[in-house]
Amino acid sequence: EREHLSDPIVTFANELLQTEPGRAWNPIFRQRGFWVGCAVALVVLSTKGMNTWFKSFPAISMQIDCTPLRELEIIKPFMKVPEAQRALRIEFYFAAIGLAYFLSSEASFSLGISGWLYLLAAAPLVARGVDMSRGFLSGGLPSYMYFGAYLGMGIMVLYLGRRFYWAVIKRMFFLPDRSADVLPREAWAARIGAVVCLLEVLLLWRVGLHPLLGVLFVALTGLLFLMLGRINASTGLFLIQPFWNPVAIILGIFGAVTIGPASLIILAMLCTMVTIDTRIAAVPLALNALRLGDTQKVRSGRLGGWMATAIVISMIVAVLFTVWVIYNYGVHGVDSPGTRWALTVARMPFQMLERNLNKLTGDQLERARDPVTLSRLLDARPAKHFFTAVLIGLALVIGCSWMRLRFPSWLLHPVLFLVWGTPWMIAYAPSFLLAWLLKSLILKYGGQKSYIQARGFFVGLVAGEFAAAMIWAAVG
């Protein structure tokens, strides 16, 4: 609210929920543009669905295959970057175009150029022999850079809301404060959050993790999910993978010898359970629900109670159903991408442990087996270029944020550096760029009035893709 975030998913939901006194139908359902947008998305995706079931049925493609361009001399240097092949397969998604229309222009433009901007930055490094590979748990220079970007955005959030957060901290410890902005429930939320974090650290200590490593894990996990929520609120991205995990960052700071195999496997298994795949995460969903409740004048306490109830019920159902599936069909009995991904993830902690232990000499391995102590943690052996990569990500985000605060015409949004080069962002980037172009043309030639009138068409694009997804899910 204080930072005027776009909240495009909430904006879309409000467009469908708004009502007029004395009218039974939402006004958007009386707009021709809405039905045109809905029909366009539904027809195109219906042909693609029919083509999936019946290969002879003609499908309307939303993809532009630019892979032949890789033979051009000017493009060849970029092909050495792992993400280059994906960037040459340009595809447009109706939902991404529709949601991006509600973003600020600098956000949609920044995300639209993010894929090729990453290739421009990475290609010279790869040409000089810099290893730009990354792993979910093992890290790598891109993972460290992403962590630095997340840390930079976290610092900016604290800076922009420093007065409010300082008032919350004082209220949290029952200290006098003149600020009228802090509500009692916010102070109690901070107290409960602090107690829960402390209990988490004690629990990790109980299972064998040094308290300092426990504090780092809890803090890094909190940073990761809070920034995921911010990315979603700023951009509407609904599939976000940060490509850094707390174990990779802790390993990068201290090194395998300092952490030791016992702590390393604990951290790796924690990340496998908690942070390995954040494409669908609870924090962005909760933020959207609470923000939608604010705009629809729903009491947050009542909404929070229903959200907690839904989570408890869904967890019980999910656990029972998963156990039933595994005992009836086995892990290998269901051949699907999700099952194959689950098997891959299950092996990751042990593969990561094996890779790191194989790099150690006999003396280092003996030392690594000793219990972790504070003096040993202070004698850390960071990964090569770890702090350089972190500082690059940190500087990019803070520098871009400062320019955006200083110059109103600044075109780049700092969220760019949190997502550029990630597979889902490369896939969605063309849709964001197209939405930015359409919005710019509408504002230039039609003005603010035309921009407001066109909202129905872009809401229709999202609704049409949603309807097509539900239809083909039911058919499947």
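This briefing goes through selected residues of the structure above, grouped by topic. The model is predicted, so local features need pLDDT of at least 70 and side-chain atom pairs count only at pLDDT 80 or more, while totals for chains, interfaces and linings use all residues. Residues are numbered from 1 along each chain as its sequence is written, and side-chain values use heavy atoms, with hydrogens and water left out. A search of the whole structure finds six salt bridges and zero disulfides.

**Terms for location and exposure**

- Helices (H or I, at least four residues) and strands (E, at least two) are DSSP runs, numbered from the N terminus.
- A residue is called buried under 20% relative accessible area, exposed over 50%, and partly exposed in between, with a 1.4 Å probe and protein chains only.

**Salt bridges**

- A salt bridge is a side-chain nitrogen of Lys or Arg within 4 Å of a carboxyl oxygen of Asp or Glu.
- One of the six joins D7 and R291, whose closest N and O atoms are 3.5 Å apart.
- This pair links distant parts of the chain, 284 residues apart: D7 is in the segment before α1 (8-17), and R291 is in helix α13 (residues 282-295).
- D7 is buried because its relative accessible area is 13%, whereas R291 counts as partly exposed because its value is 26%.
- E15 and R455 also meet through their side chains in a salt bridge, at 2.5 Å from N to O.
- E91 is in strand β2 (residues 89-91) and K48 is in helix α2, so the pair ties together parts 43 residues apart in sequence.
- E91 is buried because its relative accessible area is 17%, and K48 is partly exposed because its value is 28%.

**S143 and F243**

- S143 sits in helix α7 (residues 141-160), and it counts as buried because its relative accessibility is 0%.
- The side chain of S143 reaches the backbone oxygen of F243 at 2.9 Å.
- This is a polar contact, a pair of N or O atoms within 3.5 Å; within protein, one must be able to donate a hydrogen and the other to accept it, and residues adjacent in sequence count only if both atoms are side-chain atoms.
- Contact in general means heavy atoms within 4.5 Å.
- Not counting residues up to four places away in sequence, S143 touches R134, G135, F243, W244 and I249.
- F243 is found in the loop between α10 (211-235) and α11 (246-254), and it counts as buried because its relative accessibility is 10%.
- Although F243 is not a glycine, it has a positive phi of about 60°.

**Another positive phi**

- H385 has a positive phi of about 65° and is not a glycine.
- H385 lies in the loop between α17 (374-378) and α18 (386-406), and it is partly exposed because its relative accessible area is 45%.

**Cysteines**

- A disulfide is a covalent bond between the sulfur atoms of two cysteines.
- C38 is buried because its relative accessible area is 12%, and C66 is buried because its value is 15%.

**A nonpolar surface patch**

- W53, F54, F57, I471 and V475 form a nonpolar patch on the surface, with about 490 Å² of accessible area together.
- Patches are made of residues with over 30% relative accessible area and no salt bridge; like charges are joined within 9 Å, and nonpolar side chains (Val, Leu, Ile, Met, Phe, Trp, Tyr) within 5 Å.
- Accessible areas come from the Shrake-Rupley method with a 1.4 Å probe; for residues, only the protein chains shown count as cover.
- F54 lies in the loop between α2 (32-53) and β1 (63-65), and it is partly exposed because its relative accessible area is 49%.

**Two C-alpha distances**

- L270, in helix α12 (residues 256-274), is 53 residues from F217 along the chain, and their C-alpha atoms are separated by 9.0 Å.
- Leaving aside neighbours within four places in sequence, L270 is in contact with L204, L209, F217 and T275.
- I74 is in the loop between β1 and α3 (84-87), and it counts as exposed because its relative accessibility is 64%.
- I74 and L158 are 84 residues apart along the chain, with 42 Å between their C-alpha atoms.

Notes. A disulfide is a pair of cysteine sulfur atoms within 2.5 Å.
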